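The sequence and structure come first.

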Amino acid sequence: MSILSPSPARVVLLCGPSGSGKSLVSARSGLPVLRLDDFYKEGDDPTLPQVAGSSDIDWDHPDSWDADVAVAAIVDLCRTGRTDVPVYDISLSARTGTETVDVGRTPLFIAEGIFAAEVITRCQELGVLADALCLSRGPMRTFRRRFLRDLREGRKSVPFLLRRGWRLMRLERSIVARQTGLGAYACDKDEALGRLAAAAVGRRPARISPASSPS
């Protein structure tokens, strides 16, 4: 059984289109990180959605992800400082094991992933949310960064990566609009790092709402 931390931690949810720099910002922040991509469903799950007019699985649709298990892990980390999470191999579309995430006595950690905005309301209602940020660097820059990263890591076949990349480039503005509509604050990496630093020392960020997000 986990030992309760002296004071509960809170989470910063970090979302944004695939390739927008979430992992980079998380690493530079120096804060503990929970990878929300590890909560993808496995490739043989019958509930996985497909891209309209295609046989491709739509890995960018929230239904490809297990929000309930992700929220449970976030709450566990906030209340106890540690939790067991799946280890997910994107190239295999499968969970390959489990690992323990331990944030110790930190008052703040990051949960980052393309679906982080989907759980903003639930984290607010549970009293564990410190901030919610949506990174955006522009469709073309995001496309280049995402494609080179996915190619380097062998995440999927090259034809699949190209099809997905062009589709996401066309959809990027609507993706950002959806995530800010769910309550995330749109910003670049420098502003995100500033808000993370403020949250880490207990300063309250600007109100989280679609109206406060820059266009």
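## Thr180 and basis of the model

Thr180 counts as buried because its relative accessibility is 12%, where buried means under 20% relative accessible area with a 1.4 Å probe and protein chains only. Thr180 lies in helix H5; helices (H or I, at least four residues) and strands (E, at least two) are DSSP runs numbered from the N terminus. A polar atom of the Thr180 side chain is 3.1 Å from the backbone oxygen of Ala177.

The model is predicted: local features need pLDDT of at least 70, side-chain atom pairs count only at pLDDT 80 or more, and totals for chains, interfaces and linings use all residues. Residues are numbered from 1 along each chain as its sequence is written, and side-chain values use heavy atoms, with hydrogens and water left out.

## Helix H5

H5 covers residues 158-181. Its 24 residues should span 34 Å at 1.5 Å a residue, and the end C-alpha atoms are 32 Å apart, which agrees; the expected span is 1.5 Å times one less than the number of residues. A kink of about 60 degrees is centred on Leu171, the bend at a residue being the angle between axes fitted to the seven residues ending there and the seven starting there.

Among the buried residues of H5 are Phe160, Leu161, Arg164, Leu168, Glu172, Val176 and Thr180. An α-helix has 3.6 residues a turn, so residues three or four places apart point the same way.

## The cavity

How many cavities of 30 Å³ or more does a search of the whole structure find? The search finds one. On a 1 Å grid over the protein atoms alone, a cavity is a set of points where a 1.4 Å probe fits but cannot get out; a pocket is an open set with protein on both sides within 12 Å along at least five of seven lines, and lining residues have an atom within 4 Å of a point. Grid points are joined across faces, edges and corners, and a volume is the space filled by probe spheres set on the points.

The largest cavity holds about 50 Å³. Its lining consists of Phe143, Arg146, Phe147, Asp150, Leu161, Arg164 and Gly165. Helix H4 (139-153) and H5 each give two or more residues to this lining, and H4 gives the most, four. By class there are three nonpolar, one polar and three charged residues; Ala, Val, Leu, Ile, Met, Phe, Trp, Tyr, Cys and Pro count as nonpolar, Asp, Glu, Lys and Arg as charged, and the others, Gly among them, as polar.

The largest pocket has a volume of about 520 Å³. Of its 26 lining residues, Ser18, Asp37, Ile90, Arg149 and Arg155 lie nearest the centre. Helix H1 (22-29), H4 and H5 each give two or more residues to this lining, with the largest share, four residues, coming from H4. The lining has eight nonpolar, six polar and twelve charged residues.

The second largest pocket has a volume of about 280 Å³. It is lined by 17 residues, and those nearest its centre are Asp60, His61, Pro62, Ile175 and Arg178.

## Two buried loop residues

Asp56 is in the loop between strand S2 (33-35) and helix H2 (67-80). Its relative accessible area is 14%, so Asp56 is buried. The Asp56 side chain makes a polar contact with the side chain of Arg163 at 2.8 Å; such a contact is a pair of N or O atoms within 3.5 Å, and within protein one must be able to donate a hydrogen and the other to accept it, while residues adjacent in sequence count only if both atoms are side-chain atoms.

Ser93 lies in the loop between strand S3 (82-89) and strand S4 (94-102) and is buried at 12% relative accessibility. Ser93 is not a glycine, yet its phi is positive, about 55 degrees.

How values were computed. Buried < 20%, exposed > 50% of the residue type's maximum accessible area, 1.4 Å probe, protein only.
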